[in-house]
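Subject: Structure for your review

Hello,

Here is the structure I said I would pass on. My notes on it follow below.

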Amino acid sequence: MVVPQFVPGIPSPPPPRWWKRSPVTAKTTDELASIGIVVGASWNGARAFTATSGPGISLMQEFLGLAYFAEIPAVVIDVQRGGPSTGMPTRTQQSDLINCAYASHGDTRHALLLPEDPFEAFEFSALSFDMAERLQSPVFLMLDLDIGMNERLSKPFEWDDSREYDRGKVMSYEELEAGKDFGRYLDVDGDGIPWRTIPATHPSRGAYFTRGTTRNPYAKYSEAGNDYVYNMERLRRKMDGAGAILPQPVIKAASQKTNIGVIYYGSTSPAMNEALAELSSQGVHIDAMRVRAFPFAKSVGEFIAAHEQVFVIEQNESGQLRSMIINELEINPAKLVKMVHYDGTPITARFICKSIHKTIAGESGKPALKVAT
Amino acid sequence: MTFLAKPKLLRPDTPRNELGFTRRDYEGAVSTLCAGCGHDSISAAIVQAAFELNIEPHRVAKLSGIGCSSKTPDYFLGASHGFNSVHGRMPSVLTGAALANRSLTYLGVSGDGDSASIGIGQFAHAMRRGVNMTYIVENNGVYGLTKGQFSATADKGSKSKRGVVNSDSPIDLVGLALQLGATYVARSFSGDKEQLVPLIKGALRHNGPAFLDVISPCVTFNNHAGSTKSYEYVREHDVPVNVVQLMLPREEITATYPPGSLHRVTQHDGSVLLLRKLGEDYDPTDRLAAMSHLHEHEAKGEVVTGLLYVDPEAQEMHEHLHTVGTPLNQLQARELSPGSAKLAALNDSLR
């Protein structure tokens with residue numbers, strides 16, 4: 001494990017005493033160096049991550065594009081605070097979703113994990129390394145500042161000692177020795193995920209030149225349009241497939257059949273749970289879906305299709321998850337109602353109840369929607 | 001450019017090194033740089049150095065940034081993994097790779113634009129951090145890929161191909177490397193293979209950050225009268241401080257030198273640098289003297305070459321960080337995971 005970390009002003013905290021063997025914490029100059037070290041270490045077969053917040057993600061963009069296109073695992077933890085710019089650096093938001101999901105120039109798409117609390121953040125941290133190596137691509141662990149920095153009630157963390165790392169498709173010395181065909185960017189299995197080799201695996205086979213420029217499936221430099229298109233289509237296939245292996249959404253069905261749904265994520269959970277109970281007691285029944293990852297699971301589209309109106313509750317100004325759903329799943333925007341809370345304080349059940357009541361009642365006070373009662 | 005692929009068949013008397021490899025085993029793809037480019041001579045010198053050092057090609061990792069120089073890792077050591085990263089950021093990628101596996105040989109190839117302009121921050125920090133690497137800057141004073149604009153190492157007063165005189169002060173990477181704590185600092189010239197090959201060999205066997213600034217004329221954009229990075233200018237103003245020879249631990253030193261004319265520096269791995277003094281008494285283990293010697297001669301428009309500084313006792317990043325001896329990329333889950341009992345204790349401490 002290699003942990004490069006830009007730590008402005010303060011010395012890097014020493015690792016706990018019991019953790020003496022494994023990790024290297026490298027204090028870096030800036031976020032560009034942090035992500036560069038992550039990419040270099042991952043390329044060379046170690047697991048590595050760095051943690052930052054929105055401005056750091058902005059600085060890392062070029063490297064994130066390289067990791068996406070050259071297909072190098074990278075784990076980035078983003079503690080989301082209020083942006084843009086320095087914004088509200090000590091306050092919570094969920095406003096880095098789009099910047100992370102599509103980080104870097106060109107057509108990119110990155111995996112995001114959206115934990116609801118410290119317990120799930122712990123689970124997803126471990127998972128993020130498996131996912132980054134499975135997908136050979138950057139994976140972002142998106143923490144709202146309210147989870148990442150504030151005190152929060154949590155279940156005790158759990159660890160299964162029998163758990164093994166999932167290193168993904170890494171070609172071994174034995175496979176290379178046996179003469180297995182190695183094309184670094186060759187879609188052997190049809191899932192868009194190629195096989196990789198770790199440097200120094202075999203004396204004469206499996207070496208290749210990693211680069212951010214277009215190459216053919218055997219990693220040779222190419223400016224041929226068909227090589228570029230092959231690669232882009234493969235990357236699309238790969239990231240489309242990510243939706244099925246990343247954490248699936250959690251659905252909480254209303255106690256009665258309803259045509260209203262709500263989608264939320266991250267630190268909104270406690271407020272949402274309270275709001276759902278409150279609304280239910282008032283006769284407003286809503287099915288709830290907590291989205292836990294991007295690219296979206298198939299069930300996100302199915303959930304929206306099964307409801308007449310879906311509220312998307314978020315802690316950012318523009319309704320970023322809603323935009324991503326519309327963009328990725330080609331949903332009619334009119335079906336998704338934006339409900340955003342973004343003043344930097346954690347979202348509350350009162351806000352959610354009030355917003356939902358207001359929307360259901362409509363501007364004129366008349367019910368705008370049929371509500372199952 | 002058209003070329004004839006080299007035949008795969010080898011003559012029976014083709015020279016082989018101790019591992020049985022021929023020079024061909026250290027070569028790479030055919031260069032796409034301009035004919036006569038200094039960079040191709042440096043690639044050839046790298047091939048020669050790796051061949052003579054009996055390096056297993058697959059145990060080298062070669063990394064670069066962006067630019068003409070950064071394309072070259074494709075043209076040597078074809079059996080090594082290579083990484084052409086982003087502009088000016090090779091040092092961080094190499095640092096990460098070196099952290100992941102301390103047992104490989106790391107070669108970073110960069111250019112003057114890549115290291116003295118966009119990447120000067122990362123260059124500086126790789127040097128001061130003590131990354132165990134050979135850092136070669138193929139220095140031609142111009143951006144060749146984008147048609148010859150001055151780079152940050154272009155000398156003040158140097159003339160561009162179109163006659164524009166550079167008015168900005170140059171960044172001297174050798175001076176910076178000395179100041180920043182590099183423990184092997186050399187300068188050479190792509191046109192002087194006899195000097196360059198032993199310097200690369202010494203760098204590859206050095207334990208710590210080894211920096212080599214290689215003046216490498218750009219035949220297309222910076223090889224005219226008035227340029228201070230042309231073949232002609234460098235040949236006329238080259239002031240070498242020593243003649244270097246690297247002896248591997250088991251090699252016998254047979255040549256005899258008059259007493260007092262030789263510096264013997266034994267490196268960490270037992271290899272011996274034999275430095276034959278030229279002219280004035282130059283001590284390559286004195287960092288301050290190296291800096292003042294460099295500046296004195298540069299003020300006269302001279303190009304100081306040779307092994308300028310070496311610290312045979314140098315330590316590298318892994319020693320500073322106290323990492324385990326096993327390469328980190330070989331540690332398994334059972335070694336890395338503290339386990340559920342430790343986690344339970346951690347949970348309890350937070351109640």
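In this predicted model, helix H7 of chain B, residues 193-204, lies across strands S10 and S12 of chain B. The helix runs at about 50° to S10(B).

Those two strands belong to an open sheet of three in chain B, with the order S10-S12-S11 and antiparallel pairing. The edges are strand S10 (242-247) and strand S11 (262-266) of chain B, each of which pairs on one side only. From one strand to the next, the twist averages 20°. S10(B) and strand S12 of chain B (residues 272-277) run antiparallel and are joined by six bridges. If you want a place to look at this pairing, take B:Val243, whose bridge partner in S12(B) is B:Arg276. As background, strands of a sheet pair through backbone hydrogen bonds, either parallel or antiparallel.

Now chain A as a whole. It has 11 helices and 14 strands. The C-alpha trace of chain A spans about 75 × 50 × 40 Å along its principal axes. A compact globule of 373 residues would have a radius of gyration near 21 Å, and the 22 Å of chain A agrees with that. Of the 373 residues in chain A, 48% count as buried. Among contacts in chain A with a separation of 6 or more, 75% are between residues 24 or more positions apart.

Most residues other than glycine have a negative phi, and most peptide bonds are trans.

- A:Pro84 sits in the loop between strand S4 (74-82) and strand S5 (88-92) of chain A.
- A:Pro295 is in the loop between strand S12 (293-294) and helix H9 (298-305) of chain A.
- A:Glu330 counts as exposed because it has 8 C-beta neighbours inside 10 Å, and the cut-off for exposed is 12 or fewer.
- With 8 C-beta neighbours inside 10 Å, B:His322 counts as exposed.

Regards

Technical notes: Residues numbered from 1 in each chain as written. Chains lettered and ligands numbered in written order. Predicted model: local features only at pLDDT ≥ 70, side-chain atom pairs only at ≥ 80, totals over all residues. Helix = DSSP H or I, 4+ residues; strand = E, 2+ residues; numbered from the N terminus. Rg over C-alpha atoms; globule rule 2.2 N^0.38 Å. Buried ≥ 20, exposed ≤ 12 C-beta atoms within 10 Å, placed from the backbone. Contact = placed C-beta atoms within 7 Å. Pairing = 2+ DSSP bridges. Axes fitted to C-alpha atoms, helices over the stretch in contact; angles between N-to-C directions.
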